[in-house]
Amino acid sequence: MSENNRVLIVGSGPTGMILAGQLKTAGIPVRIIDRLAAPTTTSRAFTIHARTLEQLGQMNLHTAFLNQSIKTTSMDYHFPQKEETPKLDFTALDSVYPFCLTINQADTETILRERLTDLGVAIEWNTQLESFTQNDEGTITATLQNNATEDEETTTVDWLLGCDGIRSTVRQKLNLPFDGSEYGGTMRMIDVHVDGFDYSDEAIHYFIAKDHMLLVNKLPGANHRVLISDKTEGVPPEEARAAFQETLNNHFGGKVTIDEPAWSTNFRISKRKSNSFRQGHIFLAGDSAHVNSPAGGQGMNVAMQDAFNLGWKLAMVINGEAKPELLDSYEAERSPIASQMLEGTNYIHSIIMAHGKGMAERIERMKGGEWNQQAVNQVAGISYTYRQESEEEAAPTLTVGDRAPDAFLTESQRIYDLVGAAGLTLFLFVKNEAEYTQSRGLFEALKDKYKAPFTAVFITPENVTLPDDQNQISDTGTFRNRYPEANLYLIRPDYHIGYIGSAEDEDALQSYLEQFLVQS
């Protein structure tokens with residue numbers, strides 16, 4: 001097998017590109033193909049939530065996203081004859097990004113594609129996966145077709161990653177069920193210049209009527225995204241302006257007007273999930289594994305978070321740093337998240353897009369402030385955890401599997417800046433030189449014993465100076481407030497907690513690491 005064909009990624013959407021970037025950064029040859037002739041210039045998704053933005057920081061892309069987007073602080077639900085406006089308020093998020101970003105998916109993909117170009121990865125357009133087989137050792141033989149020339153190619157790879165969307169060829173060729181159902185009705189969407197809309201640009205606005213839902217949201221640049229969900233069959237592009245204007249007139253009495261749309265589309269939505277995310281050396285990620293209502297704008301975000309979960313694990317296995325068993329945790333962790341997302345988006349869908357149902361019942365489902373806080377943390381991805389089932393109902397304390405807390409330690413340095421992009425990072429709390437010596441010895445022992453790279457960060461009180469250590473953080477209290485209970489936290493590259501314990505109990509830590517790391 002050629003070294004140039006270690007991993008084949010099918011689909012060059014955000015999920016596929018994040019995986020390609022992570023693997024290439026880890027020194028792994030990767031090939032990414034797409035059946036389309038060129039990148040799309042229009043898009044459906046327009047939100048990047050806090051958790052996704054946090055993880056994009058691992059690829060040093062957070063600044064590019066912040067610079068090309070609008071910060072959105074809430075999702076506002078406008079009900080007829082209801083004076084107060086229920087909302088999902090992102091400003092209360094436990095994140096350094098207490099907002100979501102409004103950015104066209106086409107721009108999201110451009111940022112990710114430029115990163116791949118910088119890494120020397122070229123997307124192969126007009127290239128379609130026709131078929132594949134996997135032998136007992138996991139080696140995959142794939143047949144590809146160039147849609148422009150109709151030429152066929154046979155290639156052999158070690159790993160096949162299906163990031164090819166709701167109609168995934170990879171999933172269908174594996175004969176995996178995609179259980180679920182389609183929501184009734186149609187979603188109609190346009191990007192268009194809007195006049196007279198005097199609502200805040202810092203909120204996504206949902207105007208909810210009994211028989212339809214209207215969304216209006218400012219995009220970067222001159223246009224707004226305007227979306228209508230109802231039980232109609234939609235309208236052709238040439239009729240979109242008149243049809244949308246009619247709905248806007250019904251809501252705003254002629255005060256809000258639109259120009260000719262920059263583009264328009266009709267689509268149906270469904271809620272589905274594959275019963276498996278993996279067969280051997282073949283993985284599904286993103287919409288190929290799960291698809292949901294767009295209520296809350298979570299779909300693309302959870303898809304990208306799939307990639308952040310799988311990417312570092314696959315890189316460590318391919319590079320001989322981790323045992324293949326580490327990959328078993330991908331489906332074990334991400335499948336429950338997909339189920340939670342389906343449940344959460346379906347609940348919001350039942351409020352804002354339950355066309356024909358009574359308004360009082362739907363308003364009641366908002367459940368006040370407590371529901372809003374729970375919903376905003378899930379929508380933002382902050383509450384998603386990989387806790388074991390036995391721990392899910394435990395007291396709300398920091399637990400293995402949880403999102404590692406982040407915070408600014410100084411104006412320019414965050415906790416996440418200290419987490420290594422490869423391998424594992426140890427946060428070690430030490431109060432004096434003796435504790436430092438013990439913790440430093442543990443760190444050196446781990447580096448000697450395992451092939452995986454380790455990073456150590458030693459956190460001390462303000463008045464403690466360690467001997468010649470460049471990895472000391474003098475904590476003013478912020479760090480300890482975020483990580484309050486133990487003196488050792490092991491953080492994964494995807495910013496989740498892998499282990500909590502004590503530097504004094506080296507045997508327990510070694511027992512954990514020996515489950516999935518390869519020894520030198």
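**View 1. A three-stranded open sheet with the strand order β3-β7-β4 and antiparallel pairing.** The edge positions belong to β3 (47-48) and β4 (70-72), each with a single partner strand, so one side of each has no neighbour in the sheet. Strands are DSSP runs (E, at least two residues) numbered from the N terminus, and two of them pair if DSSP finds at least two bridges between them. The model is predicted: local features need pLDDT of at least 70, side-chain atom pairs count only at pLDDT 80 or more, and totals for chains, interfaces and linings use all residues. Residues are numbered from 1 along each chain as its sequence is written, and side-chain values use heavy atoms, with hydrogens and water left out.

**View 2. The antiparallel pair of β4 and β7 (residues 100-102), joined by three bridges.** Lysine 71 has leucine 101 in β7 as its bridge partner.

**View 3. Packing of helix α11 (residues 433-449) with helix α13 (residues 506-513).** The angle is about 30 degrees and the axes are 12 Å apart; axes are lines fitted to C-alpha atoms over the stretch in contact, with angles from 0 to 180 degrees between N-to-C directions. The two helices, α11 and α13, are therefore roughly parallel (angles under 35 degrees). Leu442, Ala445, Leu446 and Lys449 of α11 meet Glu506, Leu509, Gln510 and Leu513 of α13. By class, this contact has five nonpolar, one polar and two charged residues.

**View 4. Glutamine 378 in helix α10 (residues 368-379).** Glutamine 378 counts as buried because its relative accessibility is 16% (buried is under 20%, with a 1.4 Å probe and protein chains only). Beyond its neighbours within four places in sequence, glutamine 378 is in contact with Gln298, Gln340, Met341, Gly344, Ser383 and Tyr384 (heavy atoms within 4.5 Å).

How values were computed. Helix = DSSP H or I, 4+ residues; strand = E, 2+ residues; numbered from the N terminus. Parallel < 35°, antiparallel > 145°, perpendicular 65-115°, else oblique. Nonpolar A, V, L, I, M, F, W, Y, C, P; charged D, E, K, R; others polar. Buried < 20%, exposed > 50% of the residue type's maximum accessible area, 1.4 Å probe, protein only.
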